[in-house]
There are 2 protein chains.
Amino acid sequence: MAKAKNERPVILITNDDDITSKGIRSLVEAVQDLGKVVVVAPNTPQSAMGHAITIGSPLRMNKMEIFADMGVEAWQTSGTPVDCVKLAVDKILHRKPDICLSGINHGANHSINVIYSGTMSAAMEAAIEGIPSIGFSLLDYSYDADFTASKQIVHKMVSELLQQKNLDKHFLLNVNIPALPPEKIRGIKICKQAYAKYEEDFTERLDPHGKKYYWLTGEFKNFDKAKDTDVWALEHKYVSAVPVQFDLTNYSVKKLLEKSKLFQ
Amino acid sequence: MAKAKNERPVILITNDDDITSKGIRSLVEAVQDLGKVVVVAPNTPQSAMGHAITIGSPLRMNKMEIFADMGVEAWQTSGTPVDCVKLAVDKILHRKPDICLSGINHGANHSINVIYSGTMSAAMEAAIEGIPSIGFSLLDYSYDADFTASKQIVHKMVSELLQQKNLDKHFLLNVNIPALPPEKIRGIKICKQAYAKYEEDFTERLDPHGKKYYWLTGEFKNFDKAKDTDVWALEHKYVSAVPVQFDLTNYSVKKLLEKSKLFQ
């Protein structure tokens with residue numbers, strides 16, 4: 001992906017927390033010296049939107065001055081994170097960016113969260129389109145989370161990737177960063193997705209009219225004892241980096257079913 | 001999964017088109033003789049919701065008489081398809097069903113659509129929870145689609161699966177059915193997910209106040225020339241059945257990155 005001399009790579013940035021969040025500002029700050037940054041992000045929080053797209057209603061898009069202090073072009077949209085990537089490519093850039101970065105998410109997207117996460121779905125959308133992409137998440141949900149270490153890690157990883165000459169166009173990475181100061185982080189570990197998930201529970205309440213309603217809650221549980229998982233790495237103070245694919249075919253079951261008489 | 005004598009399997013049914021759609025009624029009709037059917041489905045259309053869950057607002061749930069003619073219990077919820085599965089397990093069944101069926105979707109969910117589809121996300125949620133699951137889709141988007149062939153295929157596949165003694169609890173299948181009469185369908189093919197997707201385009205319009213808005217549109221393109229894909233099977237009048245996994249780790253890239261000096 002090395003660019004010709006004087007040609008700066010185009011870096012598309014999006015997120016799911018919304019364009020005003022501290023996480024996306026930190027991401028812009030971390031990579032602004034690495035290329036021409038363009039931000040296209042949702043105008044409302046879109047966490048847990050998964051790979052939702054907007055087909056039943058039209059989308060709005062407005063230019064914003066929010067990153068003018070860094071000379072960075074920014075657009076907010078009424079769509080989901082996935083819509084943002086599509087709009088960016090088709091209506092703003094009119095080309096594919098050289099890389100797409102999503103985040104930095106306020107909160108973890110390791111293990112099964114990759115499936116629910118708007119941050120990772122935006123990154124996956126880019127990878128499907130043939131744009132190498134990374135989703136970044138910090139293990140701190142707070143509005144005012146400290147992104148100091150995250151920014152260093154983002155800068156290191158993105159600058160190394162931009163120097164790769166033969167990066168696969170569908171390259172997709174799910175990066176989670178422990179909520180620690182830089183000097184406490186032990187390094188970056190290439191991992192697999194842990195089988196760890198939320199054990200759901202619903203909090204049942206009565207509205208003022210006596211009718212029931214339910215809040216989704218849950219407790220996180222790790223069922224995966226392997227040591228090369230993202231959950232293991234994060235628990236041991238490493239940054240986890242999981243290469244992700246969008247071919248969901250289960251090839252081993254495919255082979256079994258082809259040999260069996262089921263459905264024949 | 002063979003049940004003790006007299007013990008009927010519990011079959012959870014959901015969808016993304018909403019509980020009043022013809023597709024979900026066809027699914028109930030197709031399997032009602034195979035077990036105790038319980039329906040928990042959205043009260044509004046939730047197509048293209050992907051794996052979205054509802055965390056920012058509470059959920060409502062109401063019992064309905066919509067399938068009383070078949071003696072089938074039914075609940076509508078204000079949530080996404082994934083929410084429906086979670087609510088069904090935790091608040092309605094108070095146990096895991098023996099199998100979860102999602103659909104029958106009005107429209108295709110082959111190839112990359114597996115990632116955007118609410119139908120498949122509901123089925124995947126069940127599989128993550130350890131409930132074998134199948135998503136069914138008919139290649140006909142019309143409100144009044146003909147589900148005659150689909151019902152025969154669903155009955156055959158579900159009755160065969162219910163007889164399997166050692167079915168993996170995370171078993172997940174993405175089944176697409178061509179819009180053809182039963183005698184024209186050539187059989188069921190075990191497939192992989194094609195790399196085929198929509199090439200997006202946005203239709204730009206002006207509102208009465210002169211402001212732009214955008215409709216997401218697109219043209220479907222198949223980039224995959226392999227003959228064991230779902231798109232190939234459907235084009236050749238087969239039902240496609242793709243075994244699906246929710247571990248998104250790209251293990252071959254993981255191996256490459258572990259050997260490389262990137263990020264070290």
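Predicted model: local features only at pLDDT ≥ 70, side-chain atom pairs only at ≥ 80, totals over all residues.
Residues are numbered from 1 along each chain as its sequence is written, and chains are lettered from A in the order in which they are written. Local features need pLDDT of at least 70 and side-chain atom pairs count only at pLDDT 80 or more, while totals for chains, interfaces and linings use all residues.

**Exercise 1. Find the strand order of the open sheet of nine strands in chain A, and say which strands stand at the edges.**

Step 1. Helices (H or I, at least four residues) and strands (E, at least two) are DSSP runs, numbered from the N terminus. Two strands pair if DSSP finds at least two bridges between them.

Step 2. The order in chain A is β3-β4-β2-β1-β5-β6-β7-β11-β8, and the pairing is mixed.

Step 3. The edges are β3 (61-64) and β8 (188-190) of chain A; each has a single partner strand, so one side of each lacks a neighbour in the sheet.

Step 4. On average, neighbouring strands of this sheet are turned by 20° against each other, direction ignored. Axes here are lines fitted to C-alpha atoms, for helices over the stretch in contact, and angles run from 0 to 180 degrees between N-to-C directions.

Step 5. Within the sheet, β1 (residues 10-14) and β5 (residues 99-106) of chain A run parallel and are joined by four bridges. I13(A) of chain A has L101(A) opposite it in β5(A).

**Exercise 2. Describe where helix α1 (residues 22-31) of chain A lies, and decide whether it is enclosed or open.**

Step 1. The helix lies across β1, β2 (36-42), β5 and β6 (133-138) of chain A, at about 135° to β5(A).

Step 2. A residue is buried if 20 or more other C-beta atoms lie within 10 Å of its own, exposed if 12 or fewer, and partly exposed in between, with C-beta atoms placed from the backbone. Eight of the ten residues of α1(A) are buried, so the helix is largely enclosed by the rest of the structure.

Step 3. Among the buried residues of α1(A) are R25(A), S26(A) and L27(A). The buried residues pack against β1, β2, β5, β6 and α5 (148-162) of chain A.

**Exercise 3. Work out the surroundings of S150(B).**

Step 1. S150(B) is part of helix α5 (residues 148-162) of chain B.

Step 2. S150(B) counts as buried because it has 29 C-beta neighbours inside 10 Å.

Step 3. Two residues are in contact if their C-beta atoms, placed from the backbone, lie within 7 Å. Not counting residues up to four places away in sequence, S150(B) touches S26(B), I104(B), F136(B), L138(B) and I177(B).

Step 4. F136(B) is 14 residues from S150(B) in sequence, and their C-alpha atoms are 8.4 Å apart.

**Exercise 4. State how chain B is related to chain A, and what the side of chain B that touches chain A contains.**

Step 1. A rotation of 180° with 0.0 Å of shift along its axis superposes chain B on chain A, with an RMSD of 0.0 Å. The two copies are therefore related as by a two-fold rotation axis. Superposition is by least squares on the C-alpha atoms of residues with pLDDT of at least 70 in both.

Step 2. In the interface, 54 residues of chain B are in contact with 54 residues of chain A. Helix α2 (residues 81-93) of chain B gives the largest share of its side, five residues.

Step 3. By class, that side of chain B has 32 nonpolar, nine polar and 13 charged residues. Ala, Val, Leu, Ile, Met, Phe, Trp, Tyr, Cys and Pro count as nonpolar, Asp, Glu, Lys and Arg as charged, and the others, Gly among them, as polar.
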